[in-house]
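Colleague: I am new to this structure and would like to learn how to read it. Could you take me through it, one feature at a time?

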Amino acid sequence: MSILNALNVDKGNAFPLGVVQLAHDKIQIAMWKSGAKACHLCLHLRGKVRKIKMYAMKDLEMSDIFSVILSAENIDDLLKDVSYDFIIDGERCMDPFAKALSGRSVFGKPRDHVRCRFELNTFDWTGENWHKLKRDEMVIYQCHVRGFTRHASSGVKYPGTFAGMMEKIPYFKELGVNTLFLLPIYDFNECMRDDEGNYTGKINYWGYTADAFYLAPKMSYCSGQTSPTVELQKLVKALHQNGMNLILDMYMVGQTPEFILHCLRYYATFFHVDGFRINQDSMDCSWLEKDPMLSHIKIIGNGWENVSQTGNTEVYYEMNDGFMVDARRYLKSDEGQTGNFYQRFKEQREGVGQIHYITHNNGFTLRDLISYDVKHNEANGERNMDGTQYNYSWNCGYEGKTRRKQVLRMRAKQEKNAFVMLLLGMAVPMLLAGDEFGNSQKGNNNAYCQDNLTTWLDWRLLEKNRETFEFAKSIIAFRKKHPLYHQDRKLTGMDYSGRGAPDVSCHGHEPWVTDFSYYSRELGILFYGGYYESNSLYFAFNFHWDEHEFYLPVVDDCKKWRVLIDTSTDVKKEIEDGKCVIPPRTIMLFESICSRPEKSDRKKNYKKRKKR
């Protein structure tokens, strides 16, 4: 009790709200509740409580804002084990600006006596070597902190925590992903309640709930070796030291724009976070553009129509289901999808960076997308009525897990097709954690309430599906090194510099002949190397159930092509006469192997073709 009594009390200021350290021996605590008449700060230490009456800001005509300054020598040490809350007009209240909590150290365990904690420590960022990745460098990896390493097979010392994720940084580097996109990591209440406030026994595993303390890193995601704040800072520092970035999903429904800005600034400055996904319904982008801190941070939304002319592709990013739907439908050979997929594959937007994905946390995993025709959400306890009905999936001939070799061969091919479609398009790609080694949720497309083996990654699958992992790894490596994906100029579909061919062009069975008919499932896409100073690339997509003969276009008077990727086989070959038979449901990527003529020669060739 002597520790609590050692604190001196003085009147504070109205702002900022929450806890702020004014000096090495002094902190201020400010609290606001609309219409409140009286407020007491309650300090808790080992069952003892000290109540301190807080000063109302009546002189500022803000009588429902209360503040107090606490001072003492070594105040950091004095308060490290102290928790706090408030009694406002006889009702117990929490600090919405709390930076740390106590009482939620075990994930999924209901606790009614949660309190706020003081977070006054400083962190040494020396040696961080922070580099914010540009749009053309990013390969995003979406994952859940707990589910990523919670399974016993993860092999980490502290499973399901920030520290466990830090242990997996060598894995991220081996795979080639460089931008982590984490589901909510702030302290949300995962124990769901009914309308009467009673616990239902269900878990909000993802964390998309308004019952949260947004400034406090989640206590149950901490190993307990240090505070959640410090452990998250260590994770960010380690990621930056390894050339990686971190994006946080901030589901801040019902909050004011001012609070959202305050929260984003805090994570950007105190945790060095590289970007956020936000709810645009709660935030006008003009607030972000005018903010000196956030105008340099990646901001992800579902669409940015109002920044299309003035936006910055290194700041504003959009992710929506457009590419996902079109890619899935083309992958499963639906009619009328060829033209849609062509536009999506080459999609680039002025002023806004595009993020494409085929799977994400809300829906099927990639392995389930090729293994189930319908959802199987019975374990959610909602009679399979939850989750989207529109999965655009195909089970390749058998529903669910099977040993049928023909089905397994088709699924392996479709998995490779999906990786090529996602990772080699022009937009920033986003992988769902575990897709690279065949993770399955057994057909559950809405696993929001599953904190178990359904959502925990089974790392034994990495060796079992090593071929899948190596293929995804090789495609990422190809993307990162090829100059096509590192251009400053947007593709136009025109030969605007007179180099002999458009920068990107669409083809069918025959070169320069587009077939977007309803029944067409064949597509050729040429990226002409003259516009990015490299050999040309030609993608041939055949998602028909029969093989088709493709005639490859002649570029730079060259008919020779080398096969770089063939999703139907590992055998590579060269095409001498510009003609190739593409097997059913197969993607082949070709590279021209003739040396490109000099610029003067290209102009001559262009004039010859024009005369012909």
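Colleague: Which strands close into a barrel, and in what order?

Modeller: Eight strands close into a barrel, in the order β12-β13-β18-β19-β20-β21-β22-β23, with parallel pairing. From one strand to the next, the twist averages 25 degrees. Strands are DSSP runs of E with at least two residues, helices are runs of H or I with at least four, and both are numbered from the N terminus. Two strands count as paired if DSSP finds at least two bridges between them. Angles run from 0 to 180 degrees between N-to-C directions, with axes fitted as lines to C-alpha atoms, for helices over the stretch in contact.

Modeller: Before we go on, this is a predicted model: local features need pLDDT of at least 70, side-chain atom pairs count only at pLDDT 80 or more, and totals for chains, interfaces and linings use all residues. Residues are numbered from 1 along each chain as its sequence is written, and side-chain values use heavy atoms, with hydrogens and water left out.

Colleague: How many bridges pair β13 with β18?

Modeller: Four bridges, in the parallel sense, pair strand β13 (residues 179-182) with strand β18 (residues 245-249). Leu 182 has Leu 248 in β18 as its bridge partner.

Colleague: And which strands form an open sheet?

Modeller: Six strands do, in the order β24-β25-β26-β31-β28-β29, and here the pairing is antiparallel. β24 (504-507) and β29 (574-575) stand at the edges with a single partner strand each, so one side of each has no neighbour in the sheet. Strand β28 (residues 561-566) is joined to β29 by two bridges, and Arg 562 stands opposite Glu 574 in β29.

Colleague: Which helix lies across that sheet's strands β24, β25 and β26?

Modeller: Helix α10 (residues 338-345) lies across β24, β25 (522-527) and β26 (537-542), and runs at about 25 degrees to β25.

Colleague: Why is helix α9 described as largely enclosed?

Modeller: A residue is buried at under 20% relative accessible area, exposed at over 50%, and partly exposed in between (1.4 Å probe, protein chains only). In helix α9 (residues 322-331), eight of the 10 residues are buried, so the rest of the structure largely encloses α9. Among the buried ones are Phe 323, Met 324, Asp 326 and Arg 328. Their cover includes α10, β22 (353-356), α11 (366-369), α12 (405-423), β25 and β26, where contact means heavy atoms within 4.5 Å. After α9 comes Ser 333, which has a positive phi near 70 degrees.

Colleague: What does a hairpin look like here, say that of β4 and β5?

Modeller: Strand β4 (residues 39-45) runs antiparallel to strand β5 (residues 48-53), joined by six bridges. Leu 45 stands opposite Lys 48 in β5. Two residues lie between the strands, and Arg 46 takes a positive phi near 50 degrees.

Colleague: How many salt bridges does the structure hold?

Modeller: The structure holds 28. A salt bridge is a side-chain nitrogen of Lys or Arg within 4 Å of a carboxyl oxygen of Asp or Glu. One of them joins Glu 318 and Arg 349, with the closest N and O atoms 2.7 Å apart. Glu 318 lies in strand β21 (residues 316-318) and Arg 349 in the loop between α10 and β22, so the pair ties together parts 31 residues apart in sequence. Glu 318 is buried at 7% relative accessibility, and Arg 349 is buried at 16%.

Colleague: Where do Glu 335 and Arg 521 lie?

Modeller: Those two form a salt bridge, the closest N and O atoms being 3.5 Å apart. Glu 335 is in the loop between α9 and α10, and Arg 521 is in the loop between β24 and β25, so the pair ties together parts that are 186 residues apart in sequence. Glu 335 is partly exposed at 32% relative accessibility, whereas Arg 521 is buried at 4%. Salt bridges can also share partners: Glu 174, Glu 463, Arg 466, Glu 470 and Lys 473 are joined into one network in this way.
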